[in-house]
Amino acid sequence: MTEKNNSLPIVNIDYWSDFAKELVNSSTLKLNGKILDVGTGGGACLIAAADYLGKNCQLIGIDKNENRIFQTKNKFKDMGVENVKFQIMDGNNLKFENESFDNILCGFIGFGGDYDFETNRFISRNTKMKEIFRILKIGGEAAFSTWAYQQDIEVARDLLQKYLIDKNLKKRDEIASLSISYSKETIKGFKVIMEDAGFSKIRIFLRDYQIIYKTIDEWWKVMETAAWVMRYALNHDHNKLNDLKNHSLPQGIESFRKGGVYIFQKSVIFAFGLK
Ligand SMILES: C[S@@+](CC[C@H](N)C(=O)[O-])C[C@H]1O[C@@H](n2cnc3c(N)ncnc32)[C@H](O)[C@@H]1O
């Protein structure tokens, strides 16, 4: 990640590692501590923690996705990181004793299913957040990163909506409620769900980044994964997906082209709380 004077920090398509470093650098990790990463995915937060703490900490990554755990376990084996374990587990039902961890990291697992960040109302019992609090040691810290505004995905959604209307695949009222594939969260809501779980000394800040895509193809490739709702809206039809790409691009993202690359804003909320 680079930082230009008076401009936003720049990340590329490997942004997970940048955000994980920010999370770890802004948290208070305990040396030789026992650290859990909830929703470890590709393990970006564990890599950042291992780089920061070295070999004397105990790292555990859990994820509800079996494939992710399998791949990430192998990745860490290849990297030669030995002080790490992985388990398939749901954040709503953490199979650890109360007060087991010095630090808990939790990057981008999404709390939109528990709390409506638009209307500021609980949708569920806030179980994930409460589970994280339960297994944290007294005095321990939990650190969260989560999405605020993602311009690249919102642009993908707009292109999809326009395509669906132009091709008569959906009516205007049907696309009005078309969800996008990330839950946009807020500082205000995040404070509420953390307080509800029992956290104290809560610190929350938002950081805006610029993400750079070198080519339209690079942008599209990431959007096919990140804005996966496109695949659902087009019934996984590859011809239609290719048509959307060819029909809507490059003019659809031309206004984001600066200096030969495509630049979008991505905003991340970082939140920290103590037990
Ligand atoms: C967007 S990825 C982020 C990965 C990583 N934490 C990072 O910051 O780069 C989110 C991961 O959280 C996992 N996840 C989402 N909800 C979960 C839950 N309730 N329990 C466990 N894992 C969950 C997903 O399977 C996915 O691998």
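User: Leaving aside neighbours within four places in sequence, which residues is I104 in contact with?
Analyst: I104 is in contact with L36, V38, I132, L136 and A142. Contact here has C-beta atoms, placed from the backbone, within 7 Å. This is a predicted model: local features need pLDDT of at least 70, side-chain atom pairs count only at pLDDT 80 or more, and totals for chains, interfaces and linings use all residues. Residues are numbered from 1 along each chain as its sequence is written.
User: Which residues touch the most other members of the largest nonpolar core?
Analyst: L23, C45, A49, I104 and I132, in a core of 69 residues. Such a core is a set of buried Ala, Val, Leu, Ile, Met, Phe, Trp, Tyr and Cys residues joined through C-beta atoms within 7 Å; buried means 20 or more other C-beta atoms within 10 Å of the residue's own, all placed from the backbone.
User: And which element gives this core its largest share?
Analyst: α2, with eight residues. Helices are DSSP runs (H or I, at least four residues), numbered from the N terminus.
User: Switching to the ligand. How many residues surround the ligand?
Analyst: 19, and the closest are G39, G41, A44, G91 and G107.
User: What does the C-alpha trace span along its principal axes?
Analyst: About 55 × 40 × 40 Å for the protein chain.
User: How much of the chain is buried?
Analyst: Buried residues make up 37% of the 275 residues.

Terms used. Buried ≥ 20, exposed ≤ 12 C-beta atoms within 10 Å, placed from the backbone. Near = placed C-beta within 6 Å. Helix = DSSP H or I, 4+ residues; strand = E, 2+ residues; numbered from the N terminus. Contact = placed C-beta atoms within 7 Å.
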